[in-house]
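Reader: Hi! Could you walk me through this one with me?
Author: Happy to. Ask away.
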Amino acid sequence: MSWLSLEGLGKRFDKVHALQDVDLEVEQGEFFTILGPTNAGKTTLLHTIAGLYRPEHGRIHLAGREVTRLEPRARGVSLLFQNNALFPDRSGYDNIAFPLVAGRRDPAETKGRVEEVAAMVNVPHLLDRLPRTFSGGEQQRVAIARALAAPSDLLMLDEPLTNLDARLRIALRIEFKSLHRDLGQTFLYVTHDQVEAISLSDRIAVLDRGRIRQIGPPQEIYDRPKDRFVAQFIGMPPMNLLPVTLAEEGGARRLEGQGFSLPLEGLEVLSTYPTIPRELELGIRPERIRVARKREEGAAIPARVDLVETLGSKTILDLTLAGRAIKAVVPPKERWAEGEVVFLGFKAEPELLLDPKSDCFLR
Amino acid sequence: MRKRNPWLTLTMRAAVIVALLISLLPIFWLFSTSLKPHDEWAEWPPVWITDSPTLQNYRIVFFPEDAREVAAEQQGSLDYKVSGSAWKAFQDSAIISTLATLLSVAFGTLAAYSIVRFRTGGENFPFQFLTVRMMPPIAVVVPMVALFSILRLTDTYLGLILAYTAFTLPFSIWMIRSFLEEVPAELEGAAMIHGYSQFRAFLTVTLPLAKGGILATALFIFILNWSEFLFALVLTSGDVITVTLQVANYVSASSGKLYGVQAAMGTISTLPVIFFGYLIQKHLVRGLTFGAVKR
Amino acid sequence: MSESKLELLDVKKAFGEVEAVKGVTMTLRKGEFLSLLGPSGCGKSTTLSMIAGLEAPSAGDIRVDGQSVVTVPPQRRRIGLVFQDYAVFSRLSVRSNLAFGLEAQGFPRAERRRRVADIAERLELDKILDRRASRLNMSEMQRVALARVLVTEPQLLLLDEPMSNLDAALRFALRGELKRIQRALGQSVLYVTHDQLEAISMSDRIAVMRLGELQQIASPQEIFSKPVNRFVAEFIGDPPINLIDCRVTRDGARAIAETALHGTLDFGPIEIEEGQHLLGVRPHSLRLTHKPGPNGAETEVKVVENLGAEHVAHVAYGNALVAVTLPPRQVSVGERLHLHLDPSEIHLIEQGSERVVAHSLAKAER
């Protein structure tokens with residue numbers, strides 16, 4: 001059995017199903033991320049694992065024992081809350097020392113440990129102050145120190161970077177990564193930000209309305225999304241999906257779309273699809289589209305530039321291809337004019353064919 | 001800060017002053033009357049500030065045995081013979097009000113916590129509690145008297161303490177609930193994950209943060225208990241006597257109500273309330289506005 | 001020179017001892033999308049409040065269409081304000097939301113109807129006019145919030161961090177849409193944000209503020225490629241700009257910089273003292289190759305961050321790490337590669353003043 005294992009976990013609030021039939025296996029030492037939009041049930045999932053909520057269905061195993069009915073303090077978990085949850089009437093020191101004092105550690109040992117973790121997250125200067133005098137980043141660091149103070153089998157982090165400004169977010173992101181490497185601890189991380197999820201995690205579970213859509217390593221989720229939701233939730237800008245019709249002529253397959261026609265190769269016989277549907281949607285990542293000024297080999301599909309979003313490190317083009325909106329990412333130094341007619345080049349990847357009836361990609 | 005229209009500021013200040021006058025006038029009148037000699041008590045036009053202030057009224061309150069002497073000094077125009085003892089009244093009121101307040105706040109806090117954290121009783125439960133207070137107390141007085149007689153609780157401390165606790169509990173729950181709601185559940189969650197039981201987390205994390213509100217609630221309940229009259233009147237018959245009952249005792253057979261003495265007793269009985277109010281004043285503003293005003 | 005819609009002339013605001021805005025002068029042109037960008041506490045929200053009329057400036061003048069509005073009350077300034085999180089009345093229908101401002105201003109019923117229908121059509125809300133606002137998705141919500149303000153035909157539209165609490169994916173979609181609406185209506189917009197990506201992607205020009213002072217006002221491209229000081233250079237860009245210690249020596253009139261890995265970077269005849277300074281180099285203007293080349297130096301890959309569409313390699317540079325943006329799956333940890341600087345994108349930051357004194361190496365060096 002895995003380090004953390006959830007079996008058929010279900011949680012309801014009145015009539016709302018916050019979690020439905022959640023199965024999850026997390027290995028020891030893994031950096032595992034739950035990714036999903038607001039209200040997907042991410043926080044509920046963490047609080048259920050922590051024991052703050054009782055699930056109606058399912059079981060939770062952690063570190064070789066069942067913890068479903070245990071009190072939070074008996075589970076050996078640590079949780080960094082979304083809003084820090086620092087005790088406002090206690091100093092930085094007392095906050096960090098809390099898990100140690102509650103666990104009745106030897107006072108000398110407590111002091112040493114508090115200073116150790118405070119140094120680890122760079123907050124030794126905050127030990128004598130009250131949380132309301134901390135900046136947002138400092139609050140977050142003290143909360144991390146508290147979460148790390150006592151040893152735990154599982155460290156859970158609930159959107160720890162959400163309310164911080166962009167620079168701090170990037171800095172702390174790298175710190176989490178190295179903390180995880182240095183501690184060798186199992187991290188369960190929750191976020192709505194796909195960049196955080198992709199950059200930090202060993203594996204990601206995509207959660208939507210209480211259900212898990214897909215579990216896999218970041219690159220796999222990015223390259224081979226399972227369904228429409230995952231495809232459009234991951235990627236910035238999200239994946240383009242264009243309707244196409246599958247045509248077969250003497251063994252050669254083609255995809256006929258509005259304004260383009262592409263050869264389709266490498267689509268093998270699929271176990272779940274004995275007959276491949278005719279009407280499909282083709283997924284195209286915006287950064288896999290070539291954009292050229294002149295019609296050329298591999299870029300022959302005409303489109304019009306509607307809007308140029310310059311982001312500095314890259315440029316996003318909003319284009320119209322035969323009446324449909326499509327986005328492409330181009331290098332930052334190329335200049336494009338709005339209204340200009342350009343030529344696009346992209347390939348039909350057999351991995352990215354979506355069946356609009358089931359909203360799942362052909363597998 | 002938005003720049004205010006000076007006229008608006010002026011109007012608002014004037015309104016505050018009027019409101020202040022309206023609420024302070026009765027207290028002034030009470031104090032002023034307590035210092036008046038007997039012939040000015042019910043004068044028309046009213047005497048606002050007496051020319052010949054006297055402490056005789058207070059003397060009657062504290063030393064009822066001097067009544068004959070006082071009457072003699074005033075050439076026997078009034079009969080100051082009164083029943084009951086102010087000392088005993090203060091003592092009884094203090095015991096009953098304090099214990100009833102403690103019970104009410106203790107039960108109220110536990111009940112409110114249960115409602116806030118576990119949604120005990122569902123959405124409308126707190127409202128149902130408040131409806132108890134919508135019934136005029138007089139409507140339940142008769143069955144209460146019957147019930148208390150059977151239980152032999154009439155004319156006892158315990159009887160009044162229980163009656164007061166029961167009748168202030170809805171307020172207690174309602175007010176404390178709003179303060180507990182302001183303390184994020186995550187704080188307790190953090191304490192529980194890091195090694196506390198739920199009850200210990202409630203006692204050591206949540207309760208200290210709601211302290212101000214609970215103190216304000218306690219003061220509010222104490223004032224209700226201290227100034228209660230109806231239950232004290234019908235549930236006692238002489239053994240137990242509260243401050244409000246004692247005020248009503250200052251009536252003499254031959255001369256009617258002794259307004260000056262009643263005013264003296266009233267003035268003294270407001271002192272503890274003012275004293276406690278002063279002690280917890282920094283919590284009061286937030287407490288009595290139900291947390292609507294941010295510090 | 002196009003017509004100016006809004007002018008701030010040496011506008012100051014003090015709260016007691018604290019100077020929140022210290023003399024800001026800027027112009028918003030007609031039909032322009034201008035962003036006021038800065039970290040929290042930089043004075044951007046105070047500036048917005050003064051323009052909207054919610055605060056009075058302590059000194060200076062604010063002009064709309066050349067007329068001073070300092071003494072004009074907020075409701076008569078004809079400035080539309082869109083709040084954080086869009087704050088649409090969720091119990092009302094879309095139609096009632098749109099008519100709300102007009103009703104408050106006492107427009108006759110027929111005029112209200114005409115204007116609501118008109119704006120609903122322009123913002124593609126005409127099919128959902130009778131839907132309750134609580135049932136809208138975020139894109140519709142944004143359009144309702146905008147339409148509700150635009151229906152009163154404001155001279156100037158102010159947006160105060162409208163997307164700050166939304167999911168990243170949603171923000172992305174709303175950005176393009178907001179820009180398109182602004183473009184289609186030719187509406188003058190002042191957009192306040194702390195998110196550099198929002199500012200860069202939507203604005204015609206960006207005004208960067210810090211500690212109550214305007215740092216730079218320029219097009220996104222220029223802010224990105226020619227920041228005036230260290231603050232602007234660091235605040236813009238994701239991943240953030242690399243700051244590399246360097247030592248500047250003078251060779252006659254020329255300033256020559258040297259770093260832990262790269263020697264003799266010739267900035268030409270610029271004014272800078274000899275000594276320790278900083279180089280600012282954006283992660284996307286660095287290249288890693290297997291072969292040596294001009295401006296190249298060997299280094300080791302320490303960490304690789306996967307961002308999906310691109311990877312960020314953190315390579316050793318002296319005692320520090322330098323981030324390099326590159327396409328996915330090109331390098332791995334532990335690999336030894338050559339790091340190349342792009343001579344046209346090296347910012348020399350003067351120690352002490354923190355000013356950027358040069359944006360590229362001297363031409364002769366190439």
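Reader: Which helix is B:Glu69 found in?
Author: B:Glu69 sits in helix 3 of chain B, residues 67-73. Keep in mind that this is a predicted model.
Reader: Thanks! Is B:Glu69 buried or exposed?
Author: B:Glu69 counts as exposed, because it has 12 C-beta neighbours inside 10 Å, and the cut-off for exposed is 12 or fewer.
Reader: And what separation do the C-alpha atoms of B:Glu69 and B:Tyr80 have?
Author: Those C-alpha atoms are 9.3 Å apart, with the two residues 11 apart along the chain.
Reader: Switching to chain C: how many residues of strand 14 are buried?
Author: Five of the seven residues in strand 14 of chain C (residues 275-281) are buried, so the strand is mostly covered.
Reader: Nice. Which way does strand 11 of chain C run against strand 14 of chain C?
Author: They run antiparallel, and seven bridges join strand 14 to strand 11 (residues 242-251). Within that pairing, C:Cys246 stands opposite C:His277.
Reader: What about strand 20 of chain C and strand 14 of chain C?
Author: That pair is antiparallel too, with three bridges to strand 20, residues 347-349. There, C:Leu278 has C:Ile349 as its bridge partner.
Reader: New topic: how many residues of chain C are in contact with chain A?
Author: 30 residues of chain C contact 31 residues of chain A. Helix 5 of chain C gives the largest share of chain C's side, six residues.
Reader: And what does that side have by class?
Author: The chain C side has 13 nonpolar, 11 polar and six charged residues.

How values were computed: Residues numbered from 1 in each chain as written. Chains lettered and ligands numbered in written order. Predicted model: local features only at pLDDT ≥ 70, side-chain atom pairs only at ≥ 80, totals over all residues. Contact = placed C-beta atoms within 7 Å. Helix = DSSP H or I, 4+ residues; strand = E, 2+ residues; numbered from the N terminus. Nonpolar A, V, L, I, M, F, W, Y, C, P; charged D, E, K, R; others polar. Buried ≥ 20, exposed ≤ 12 C-beta atoms within 10 Å, placed from the backbone. Pairing = 2+ DSSP bridges.
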